[in-house]
Amino acid sequence: MVLRKVARTDEFQENKGKEVKVEDARIAIFYTKGKYYAIDALCRHQDGSLAPGKLDGEVVECPLHSWHYNVRTGELLDYLKGVKLATHQVIVKDNDLYLDL
Ligand code: FES
């Protein structure tokens, strides 16, 4: 397990996301109801970043053309079956967020 520090808790607001870069990977981290979720940041449609998308519970809407993903499972919820973004474990220690990549 390789933990990488990627952000601080005070960079997050309720129901908002933030994109972080780890080497070449772009990861979107979302905060809702006291929990953090991390998924690959790029939408499978046309590579829009999901981080600024509107979050409603566990569902984020891509800001470009409104595809929806579950931020806990990475699953695309409309249009195509079986499409899934990679998810990543988020670990919170003190006020820092770490990803297991
Ligand atoms: S790029 Fe996400 S819906 Fe088009």
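Strands here are DSSP runs of E with at least two residues, numbered from the N terminus. Residues are numbered from 1 along each chain as its sequence is written. Since this is a predicted model, local features need pLDDT of at least 70 and side-chain atom pairs count only at pLDDT 80 or more, while totals for chains, interfaces and linings use all residues.

**View 1. Asn 15 sits in the loop between strands S1 and S2.** Strand S1 covers 3-8 and strand S2 covers 16-22. Look at the backbone here: phi of Asn 15 is near 60°, a positive value in a residue other than glycine. Asn 15 counts as partly exposed because it has 14 C-beta neighbours inside 10 Å. (A residue is buried with 20 or more other C-beta atoms within 10 Å of its own, exposed with 12 or fewer, and partly exposed in between; C-beta atoms are placed from the backbone.)

**View 2. Asp 94 lies in the loop between S9 and S10.** Strand S10 spans 96-100. Asp 94 is not a glycine, yet its phi is positive, about 50°. With 6 other C-beta atoms within 10 Å, Asp 94 is exposed.

**View 3. Gln 89 occupies the loop between strand S8 (87-88) and strand S9 (90-93).** Gln 89 is partly exposed, with 13 other C-beta atoms within 10 Å.

**View 4. Three strands form an open sheet in the order S5-S6-S7, with antiparallel pairing.** Strand S5 (54-56) and strand S7 (68-70) stand at the edges; each has a single partner strand, so one side of each is left without a neighbour in the sheet. From one strand to the next the twist averages 25°, with axes taken as lines fitted to C-alpha atoms and angles running from 0 to 180 degrees between N-to-C directions. Two strands pair if DSSP finds at least two bridges between them; S5 and strand S6 (residues 59-61) are joined by three. Here you can find Leu 55 opposite Val 60 in S6.

**View 5. The largest nonpolar core has 25 residues.** Such a core is a set of buried Ala, Val, Leu, Ile, Met, Phe, Trp, Tyr and Cys residues joined through C-beta atoms within 7 Å. Ala 28, Ile 29, Phe 30, Ala 38, Ile 39, Leu 50 and Tyr 69 touch the most other members. Two or more residues each come from S1, strand S3 (25-32), strand S4 (35-40) and S10. S3 gives the largest share, five residues.

Note on methods:
Helix = DSSP H or I, 4+ residues; strand = E, 2+ residues; numbered from the N terminus.
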